[in-house]
Amino acid sequence: MTTDADPGRGSRILGDLKGSGGGQRSVWIALASTLVFAGILVALIVTSPGWPAVKASFFNRKIFFDSLPEIAHAFLLNIRIFLTAEVFILVFALLIAVLRGLPGPVFFPIRGLAIAYTDFFRGVPTILVVYILGFGAPALQLSWLEWATPLFWGTLALVLVYSAYVAEVYRAGIESVHTSQEAAARSLGLSRLKTLRYVIVPQAVRRVIPPLLNDFIGLTKDTALVAFLGPVEAFRQSQIDVAATFNYTPYMCAALLFVLLTIPLARLTDWLVARERKRQLAGGAR
Amino acid sequence: MSSNGRALQLEAVRKSFGEHEVLKGVDLDVGEHEVFCLIGASGSGKSTLLRCVNLLEPVNSGRILLHGEEITRRDVDVNRVRRGIGIVFQAYNLFPHMSVLRNVTLAPRKVLGKPGAEANAEAIALLERFGLADKRDEFPDRLSGGQQQRVAIVRALAMQPDLMLLDEVTSALDPELVAEVLSVIRELAEGGMTMLIATHEMTFARDIANKVCFLDEGRILEQGPPEKIFGDPEEPRTRQFLGRIVEAGRL
Amino acid sequence: MRPRPLRWLPVATLVALLAVVAAGCGGSSSSSASSTSTAAAASCVKSQLNLVKKGQLTLATDNPAYPPWFGGGTPKGSTWKFNDPSTQKGYESAVAYAIVKQLGFTPSQVKWVVASFDQLFKPGPRNYDFDVNQVSVTPQRAKSVSFSNSYYNTNQALVAIKGTPITKAKTIADLKPYKLGAQIGTTSYDYIVKHIKPDKQPAVYNNSNDVNSGLKTGGIDGIVVDLPTAFIITGAEEVPNSVVVGRFPALGSGDHFGAVFAKGNSLVKCVNQALATLKANGTLTQLQNKWISNAGAPVLK
């Protein structure tokens with residue numbers, strides 16, 4: 001019986017059960033009991049006295065299909081926002097993480113700034129940053145910022161906040177790379193910067209792909225906060241439809257779209273991790 | 001560089017980690033093309049000594065001179081000094097996210113500025129010389145320990161250093177893989193490379209060393225030609241140490 | 001490597017779960033089961049009224065309560081912002097208390113609770129009898145809730161900053177190049193999208209404060225909002241230096257505000273009776289004149 005907790009072997013555990021009649025049976029039992037449990041749950045819900053009202057309010061087929069096209073179209077804005085923001089976040093956060101790691105007393109002020117940045121922007125609720133930038137910054141009436149739209153400020157707010165989280169993820173990755181790697185690289189004559197660039201950061205990033213993608217998935221939801229400043233993205237569009245119909249079903253459309261987006265992102269994470277594993281580690285396919 | 005023939009000189013080098021003094025005033029002298037072996041128990045300071053030579057650790061007092069140039073002074077360009085010294089560690093420390101070829105060519109390309117084709121050609125030639133050419137596109141973790149250590153040596157050689165530091169490079173290997181690494185080192189010695197080797201492989205040391213020194217608790221207790229140290233050691237501690245080694249069948 | 005039946009396991013599970021979910025969904029909205037009786041109470045006698053709490057009229061509106069719909073400020077200890085509905089000041093508050101009087105209750109028998117916009121149409125029983133919150137009556141909304149008859153008809157209007165190019169607009173066509181904004185859930189937004197149809201997508205905000213901020217910071221060029229609120233924005237300087245550019249002709253029969261009840265609540269009939277009386281005896285007009293600005297505004301056709 002396998003005892004290894006290696007996550008990549010989940011599918012192989014099923015395969016390990018080949019031929020052993022007991023193993024096969026227990027899988028069928030597990031599946032059957034899950035379905036029965038789910039069935040009981042659903043039955044409880046649909047036979048409850050308030051179910052017709054809830055069904056009409058949340059799962060109205062006509063309203064669902066009527067509002068879906070508009071909401072899907074608005075969803076394109078969410079996609080634009082998170083793709084743009086993520087590019088800047090990945091770069092800016094790496095900068096903060098590197099600054100945070102600069103050694104020696106001479107760099108203390110820079111380290112301090114980086115720490116203050118990550119503390120502050122992880123502490124402040126994202127929506128407040130959106131509001132302060134979106135309504136506060138334009139109010140300063142700086143002529144060289146006239147071109148900045150609410151969409152710009154909202155996206156900037158997301159970049160500032162998420163860079164703080166992602167910087168800490170990078171930092172964990174960088175610190176998890178053994179110091180002997182740095183010793184080996186420096187011994188070859190590589191400067192501190194080149195060591196970071198060619199040896200440390202590439203390893204660090206590969207190690208933190210799951211938490212990075214995790215933050216990315218969180219970002220896709222937070223794109224809805226930009227709507228507070230005016231732009232109509234998917235969640236806001238669904239809100240509009242909800243208000244027009246006095247029915248919550250449009251929220252289901254938005255929920256569905258967000259989930260459909262998350263699934264490929266999660267699979268992408270899995271694929272990236274598996275690829276690195278296969279390429280680098282012993283025991284991978286030869 | 002005027003070096004009066006001395007590749008490496010340590011003068012009264014002291015090194016402490018916090019309260020604990022590891023090197024207690026070491027004097028050492030390695031001539032050009034000499035093979036100098038450091039022997040001693042674990043914790044005697046061999047690794048620390050090597051790491052001080054390539055400036056991975058700062059010394060607390062004393063001087064280190066490389067080819068006559070004092071490298072322990074404040075304003076030295078550390079990266080330049082390290083280009084001239086190759087170090088190989090016990091744990092190989094290859095870069096796991098790069099193929100063997102890239103491991104070897106990284107420093108020549110990014111530090112020496114060699115164009116990719118040239119660096120690749122030189123690397124392949126080196127790998128061929130040590131029987132690793134067919135592994136050049138593999139990733140380190142796919143290789144055996146002995147192969148990885150040989151790649152580590154090649155990686156250090158690719159920078160064409162004047163001095164090689166080897167820090168117990170066979171200690172982490174399975175016994176049957178030790179020989180292939182030792183033969184690489186022997187080849188380098190025969191080629192005239194100046195080497196400072198910390199090792200437990202006493203037979204090997206006796207074979208290739210020009211000079212051996214016994215490091216005991218941060219001090220060089222005894223040094224001299226291998227026949228003298230292994231054959232007729234003066235200090236009781238040396239005799240005790242070597243006696244145990246012989247008992248263990250390692251000499 | 002895996003035994004053959006097991007290969008179909010993930011697919012079978014997925015299909016089964018989808019079937020379960022599909023069984024639970026679907027069907028167009030029918031009149032939901034209401035927690036209140038439809039058959040009984042043809043009579044609007046005070047003691048027989050269908051109330052969530054007997055002997056008390058529980059009314060709802062959103063917090064903050066904005067002028068001119070609510071007024072009188074917030075007395076000490078009040079949890080309301082801007083205005084406390086129990087002051088009986090402001091148009092909707094005054095109308096509500098007039099209805100209350102018609103139903104035979106005194107002001108001290110009235111209790112106000114907070115209901116945000118999203119809560120107005122949630123399924124299940126309410127904790128209030130009816131809500132007044134500038135909610136426009138539409139046939140689609142009437143599928144989910146019951147509305148009273150109209151207690152106010154209004155038009156939409158346009159507010160902008162003095163001296164900006166948009167203030168020169170004379171017709172709806174003139175507005176096409178501008179970025180307009182409105183509050184979520186208002187027919188103002190619908191009006192922009194269906195009738196004005198500007199080139200730029202309109203901006204939508206959570207509440208009236210944010211819409212005002214949008215105009216103040218230049219995020220939008222003009223606000224579309226109901227006419228009474230437009231006069232408050234400009235008159236009370238909610239947006240400094242603002243002006244009502246004009247008002248829009250009504251779409252169809254215009255915007256009607258109605259009180260919001262749980263679907264099928266028999267109390268609607270009694271409230272409608274009360275409203276009819278108030279219309280007939282001129283109270284409604286009197287209150288409108290008192291609380292809602294009569295100032296004119298040019299019509300943007």
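**Chatting through the fold**

Guide: Let's start with contacts in chain A between residues at least 6 apart in sequence: 74% of them join residues at least 24 apart. Keep in mind that this is a predicted model.

Visitor: Okay. How many helices and strands does chain A have?
Guide: Chain A has 12 helices and 0 strands. Going along the sequence, the pattern reads α-α-α-α-α-α-α-α-α-α-α-α.

Visitor: Is chain A spread out or compact?
Guide: Chain A is more spread out than a compact globule, because its radius of gyration is 25 Å, well over the 19 Å that the globule rule gives for 286 residues. Its C-alpha trace spans about 70 × 70 × 30 Å along the principal axes.

Visitor: And what share of the residues in chain A count as buried?
Guide: That's 36% of the 286 residues.

Visitor: Let's zoom in on two helices. How do α4 and α7 of chain A cross?
Guide: The axes of α4 (residues 61-100) and α7 (residues 150-176) of chain A come within 7 Å and cross at roughly 45°. An angle like that makes α4(A) oblique to α7(A). The crossing of this pair, α4(A) and α7(A), is right-handed.

Visitor: Which residues make that contact?
Guide: On α4(A) they include A:I81, A:F88, A:F92 and A:R100, and on α7(A) they include A:L158, A:Y162, A:Y170 and A:R171. By class, the contact of α4(A) with α7(A) has 17 nonpolar, 3 polar and 2 charged residues.

Visitor: New topic: how many residues of chain A are in contact with chain B?
Guide: There are 20 residues of chain A in contact with 20 residues of chain B. The elements giving two or more residues to chain A's side are α8 (179-187), α9 (192-207) and α12 (249-280) of chain A.

Visitor: What about the classes on that side?
Guide: The side of chain A that touches chain B divides into 9 nonpolar, 7 polar and 4 charged residues.

Visitor: Last one: where is B:E234?
Guide: You'll find B:E234 in the loop between α8 (226-231) and α9 (236-247) of chain B.

Visitor: Buried or exposed, and why does B:E234 count that way?
Guide: B:E234 counts as exposed because it has 11 C-beta neighbours inside 10 Å, and the cut-off for exposed is 12 or fewer.

Visitor: And how far is B:E234 from B:E222?
Guide: B:E234 and B:E222 are 12 residues apart in sequence, and 7.7 Å apart in space, C-alpha to C-alpha.

How values were computed. Residues numbered from 1 in each chain as written. Chains lettered and ligands numbered in written order. Predicted model: local features only at pLDDT ≥ 70, side-chain atom pairs only at ≥ 80, totals over all residues. Axes fitted to C-alpha atoms, helices over the stretch in contact; angles between N-to-C directions. Helix = DSSP H or I, 4+ residues; strand = E, 2+ residues; numbered from the N terminus. Parallel < 35°, antiparallel > 145°, perpendicular 65-115°, else oblique. Left-handed = near helix turned anticlockwise from the far one by under 90°. Contact = placed C-beta atoms within 7 Å. Nonpolar A, V, L, I, M, F, W, Y, C, P; charged D, E, K, R; others polar. Rg over C-alpha atoms; globule rule 2.2 N^0.38 Å. Buried ≥ 20, exposed ≤ 12 C-beta atoms within 10 Å, placed from the backbone.
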